[in-house]
Amino acid sequence: MIARPQMIFGSLMLAVAAFVAWVLWSLPNWSRPGLFFSVTVVPSFRDSAEAARVVSSFRMQALLHVVIGFGLVVGGAMLDRAVLLILGVLWLVAGPLVAVSIAHAKALPHAVAHSTVREASLAPRLSQLPGGWILQLSPFALLLVTAAYVAAHWNQIPDRFPVHWGLNGMPNGWSTRTTMGVYGPLYFGAGLVAMISLLSYAITHAARRPPASGGSDGKRDHPQRMALVLLGVELFVAAMLSFVALLPLMGSPGVTSMMITAAGIVIGVIFLSRWQSHGISNSAASVQPGDGTPDSCWKLGLFYFNPDDPALFVEKRVGIGYTINFARGAAWAILVLTVVLPLGLAALVIRNRP
Amino acid sequence: MLRIDLALPRPVYEQIVSGLRALLVAGEFVPGEQLPTVRQLATDLGVHHNTVAESYRLLADEGWLDLRRGRGAVVLDREKPRPITAEKHGFRLRLEELIAKAITDGVPRSALAAHMAALAKKLGKP
C-alpha cells in the first residue's frame with residue numbers, strides 16, 4: 001500500500017503535470033494571427049490543413065516531453081536519485097523548446113515577407129508603474145511585516161527546526177535559530193522581489209508598445225499589463241517566502257504548504273494567461289502580417305537578435321509577454337541580473353544557513 | 001498615430017516629419033502638449049534614435065516644437081508664417097508633379113479635385 005505522503009506527492013505531481021500539459025497545448029493559440037510558431041504568415045494560414053498538422057505534431061511532442069520529464073522527476077523523488085530529478089527538470093525545459101523549434105522549422109516554408117509599415121502611438125507612454133510606488137512597495141511591506149512578527153516571537157522558535165521534508169513526510173533538512181537561519185527566506189524574497197521590480201521598470205520604459213491600430217481600443221498598453229502581471233508575481237513570491245519564514249513557528253505543514261503553493265501557482269497563472277491572451281486576441285484585426293520584425297532575427301523561433309532594433313524588449317512571438325533583444329548589451333545585463341542574481345542569492349542563503 | 005513605411009524610397013526621417021507635420025497642421029496636438037521622447041518613439045517605430053532626433057530638430061526649426069533637454073518635445077503655438085514667394089513656387093511645382101503622376105496612374109480629375117478640396121478643408125481647421 002502506498003503511504004499517504006507518497007500519494008499526496010503523486011497527486012500533486014499529476015496536477016502540475018496536467019497544468020504544464022495544458023499550457024503547452026494552448027501555446028499555439030497564444031500568438032497573433034499573422035504569426036505561426038514565430039514565422040510571419042498570412043493570417044489565413046492558421047486555418048489550413050498544413051498548419052493543423054504542424055500544431056498536432058507539436059502538441060504530441062510536447063505531451064511526450066511532459067510525460068518523460070515528470071516521469072523522471074517523480075522517479076528521482078521516489079528513488080531519492082538527484083540525477084534523475086535534475087534530468088527531469090532539464091527535460092521539462094528543453095523538450096518543449098525543441099518541439100517549438102521543430103514546429104518553427106516546419107512553418108518556415110510558408111513564410112511571407114514581414115510588413116515594412118511601422119506604426120506608433122503618439123499618446124504619452126504610461127511609464128509609471130501600476131498603482132504607483134505605494135502598491136509597488138507592498139511586497140516589501142509584506143516581507144517586513146513578517147520579519148517584525150518573527151522578531152516579536154523569536155523565543156517561540158525552536159532552537160532547531162526542519163526546513164525540508166522527504167517523500168515519507170519526515171524532515172530531512174534542518175536549520176537553527178540564527179539570523180540567517182530564520183530570516184534567510186525573507187532576504188531571498190526581498191532580493192527576488194527587487195529583481196522583478198527592476199524588470200518591471202525596464203519593461204515599462206524600454207519595451208516597444210504594440211501599434212495603435214489593429215483592432216485595439218487604444219487603451220491596451222502591453223508594457224503596463226505586463227507590469228501588473230509582474231506585480232502579482234512579486235506579491236506571490238513575497239507571500240510564499242513569508243509563509244516559509246513563518247514555518248518554524250507553525251510546526252511542519254510541509255505537504256500542506258506544498259499543495260497550497262502549487263494551487264496558488266496554477267490558479268494565478270491560469271488567470272494571468274487568460275487575461276494576457278485576451279489582449280492578444282484583441283489585436284486579431286491587425287491588417288499587417290507578423291509583428292514588423294524580420295523572421296531571420298528570431299533564432300530557433302524563440303530568441304530575438306536584431307542590432308538594428310533599438311527596443312530592449314519586444315513582444316514574444318510564441319507565448320505571452322516580452323523577450324529581450326539579445327543584440328543589445330543592456331539586455332544581457334538584465335538577463336544576468338534576473339538569472340544570476342536570484343541563483344546567487346539562493347546559494348548565499350543556503351551556504352550561510354547553519 | 002504615426003505611420004511610416006521602411007520600403008519607400010523616401011528617407012524615414014522625412015516620413016516622420018511629414019506625418020507629424022500633418023498631425024500638427026490638423027490640430028491633433030494642443031500647444032504645450034508633449035510628444036513621445038526621441039527614445040520612446042524610436043523604440044516604438046523600430047528605427048535609430050538619431051532618425052527621430054533629426055525629425056524633431058527639423059520640426060523645431062519650422063517652429064512646431066520646442067526641444068529642451070529633460071523636457072522632451074513640446075508642441076508650440078506656431079504663428080502662421082507669411083508665405084515666401086520661392087516656397088509658393090516650389091510648392092506649385094511639387095503639386096503639379098504629384099497631380100501629373102496621379103493622372104498617369106488613372107485617378108480621375110474630378111476625384112483629384114474633390115480630394116484636394118477635402119484635405120485643404122480638413123488640414124486648415126484651427
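Entry 1: I began with Trp22(A), which counts as partly exposed because its relative accessibility is 30%. I kept in mind that this is a predicted model. Then I looked up Trp30(A) and found it buried, at a relative accessible area of 8%. Buried means under 20%, so Trp30(A) falls inside that limit.

How many aromatic pairs are there over all chains? I noted ten. Trp22(A) and Trp30(A) form an aromatic pair that is edge-to-face, at 6.0 Å centre to centre with 75 degrees between the planes.

Next I turned to Phe303(A) and Phe326(A), whose ring centres are 6.0 Å apart. Why is this pair edge-to-face? The planes stand at 80 degrees, and over 60 counts as edge-to-face. This pair links distant parts of the chain, 23 residues apart. Phe303(A) belongs to strand β7 (residues 303–304) of chain A, while Phe326(A) is in the loop between β9 (322–324) and α9 (329–352) of chain A.

Another ring has a charged neighbour: Arg160(A) lies over the face of Trp174(A), 4.2 Å from the ring centre.

**Entry 2: the cores.** In soluble globular proteins, nonpolar side chains tend to be buried together. With that in mind, I looked for the largest nonpolar core and found 30 residues in it. Those that touch the most other members are Leu186(A), Ile203(A), Met226(A), Val237(A), Leu312(A), Phe313(A) and Tyr322(A). Elements giving two or more residues to this core are α5 (138–152), α6 (179–206), α7 (222–250), β9 and α9 of chain A. Which element gives the most to this core? I found that α6(A) does, with ten residues. A second, separate core has 27 residues, among them Met13(A), Phe70(A), Ala103(A) and Ile320(A).

**Entry 3: one aspartate.** I picked Asp309(A), found in the loop between β7 and β8 (313–315) of chain A. Is Asp309(A) buried or exposed? Asp309(A) counts as buried because its relative accessibility is 4%. I then looked for its polar partners. The side chain of Asp309(A) makes a polar contact with the side chain of Arg208(A), at 2.3 Å. A polar atom of the Asp309(A) side chain also lies 2.9 Å from the backbone nitrogen of Ala311(A). Leaving out residues up to four places away in sequence, Asp309(A) touches several others, including Thr293(A), Tyr304(A) and, over in the other chain, Gly46(B).

**Entry 4: where the chains meet.** That last contact sent me to the interface. I noted 20 residues from chain A and 19 residues from chain B in the contact. The two chains bury about 1,800 Å² between them, with 55% of it on carbon and sulfur atoms. On the chain A side, Arg118(A), Ala120(A) and Leu122(A) lose the most area to chain B, together 40% of what that side buries.

**Entry 5: chain B.** I finished with chain B, which has five helices and three strands. Along the sequence they follow the pattern β-α-α-α-β-β-α-α. Of its 126 residues, 28% count as buried. Among contacts in chain B between residues at least 6 apart in sequence, 47% join residues at least 24 apart.

Definitions and conventions: Residues numbered from 1 in each chain as written. Chains lettered and ligands numbered in written order. Predicted model: local features only at pLDDT ≥ 70, side-chain atom pairs only at ≥ 80, totals over all residues. Heavy atoms only, no water. Phe/Tyr/Trp six-rings, centres within 6.5 Å; stacked < 30°, edge-to-face > 60°. Buried < 20%, exposed > 50% of the residue type's maximum accessible area, 1.4 Å probe, protein only. Helix = DSSP H or I, 4+ residues; strand = E, 2+ residues; numbered from the N terminus. Lys NZ or Arg CZ within 6 Å of the ring centre and 35° of its normal. Core = buried A, V, L, I, M, F, W, Y, C linked by side-chain atoms within 4.5 Å. Polar contact = N/O pair within 3.5 Å; in protein donor to acceptor, adjacent residues only side chain to side chain. Contact = heavy atoms within 4.5 Å. Buried area = accessible area lost by both parts, 1.4 Å probe.
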